[in-house]
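Hi everyone, thanks for coming. Let me put the structure up on the screen, and then we'll walk through a few parts of it.

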Amino acid sequence: MQGDFSNFGTGFAKDDPGPGFPSGAPAAPRQPGGAVDVISLIGNTPLLRLGRIARAHPGVEIYAKAEWANPGGSVKDRPALNIIRGAERSGRLCHSKTLIDSTSGNTGIAYAMIAAARGYRVKLFVPENVSVERKRILQAYGADVVYTNPMEGSDGALREVRALARENFGQYFYANQYDNPANWQAHYQTTAPEIWQQTAGRVTHFVCGLGTGGTFTGTSRRLKELNPAIRCISAQPDAAFHGLEGLKHMPSSIQPGIYDPTLADENFGISTEEAYAATRRLAREEGLLTGISSGAAVAAALRVAGRIERGVIVTVFSDRGDKYLSERFWDEGRQ
Ligand code: PMP
């Protein structure tokens, strides 16, 4: 079994739907007086209509899930919560164990936030070259961070956490976001039903970037069950070296066990320049300060819009732009 991490440390069979958090239900009991805790704010994000950017395509509606509305600021709050809940239920995570995983930032932020609220220790393996803002946020939540070789990207961080998990199995809970079915199941159980409900079942196309593939796999799987005619389009960087933080160029990466490419009706390669330009457009034309992967998502959505007469396209804006403000691309194209 060496090298097969498909079920390592998760306690789930690969296709077991596993525990989840029902969409719309609070994650923790309500406090007296209607107060809530931070975990109960995860999910149920708004659906944004991108009216100005879609103007050139009058018969087409383009929408995006504003995943920065999650309390950790990204889409990764959903899988992180589902992974932690599943591990608590199966007994694989308890207060004597430290949660470990590799992450390029957002999953780490989500683990660190939820673990702080639940009283767990967290140790994260993060490529050295992630943005300074992400590093500062991880520190602020009190996570223990190991920086890995920037030349090896997220795969280098993955190799290091796997080695630690193998050597010290009893001490750690290896959350393993790349192979843990609780990742895609979070989207199957929450993101997809929310999209279905928020579009009143009118969604015709789902467009989504690939990192672990969890958002794409879980959401597409459920949407296609709800209506097999919905077309699901994945988007990924068009080259191994790219600036699309949070996304993976699959052909040159270690394949995540949870990613199901057969769900994609089409797969687009997006260049870093195209994503930067679309990210700037979102800020300047829609008033939406998003992360770069949201720019990639909207670039892909616009490609789809250019080909159809009518349709309801939904994509996912995984995080907000404030984590990327130190990047130079914001300065380009100013009048
Ligand atoms: N965008 C950003 C900014 C991310 O951090 C991630 C997660 N790595 C993604 C997109 C992709 O999400 P997923 O892992 O569900 O494919």
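So, start at the ligand: helix 6, residues 214-226, gives the largest share of the shell around it, three residues. Helices here are DSSP runs of H or I, at least four residues, and strands are runs of E, at least two, numbered from the N terminus. Keep in mind that this is a predicted model: local features need pLDDT of at least 70, side-chain atom pairs count only at pLDDT 80 or more, and totals for chains, interfaces and linings use all residues. Residues are numbered from 1 along each chain as its sequence is written.

Back to that shell. There are 20 residues around the ligand, and G211, T215, G246, S293 and S318 come nearest; to be near, a residue needs its C-beta atom, placed from the backbone, within 6 Å of the molecule.

Which residues of helix 6 are buried? They're G214, T215, F216, T217, G218, T219, S220, R222 and L223. Buried means 20 or more other C-beta atoms within 10 Å of the residue's own, again placed from the backbone; exposed is 12 or fewer, and partly exposed is in between.

Now helix 8. Of its 14 residues, 13 are buried. The largest nonpolar core has 89 residues, and helix 8 gives the most to this core, with 10. Such a core is a set of buried Ala, Val, Leu, Ile, Met, Phe, Trp, Tyr and Cys residues joined through C-beta atoms within 7 Å. Domain 1 (40-75 + 184-331) and domain 2 (77-174) both contribute residues, so the core lies between them; those bounds come from an automatic or database domain assignment.
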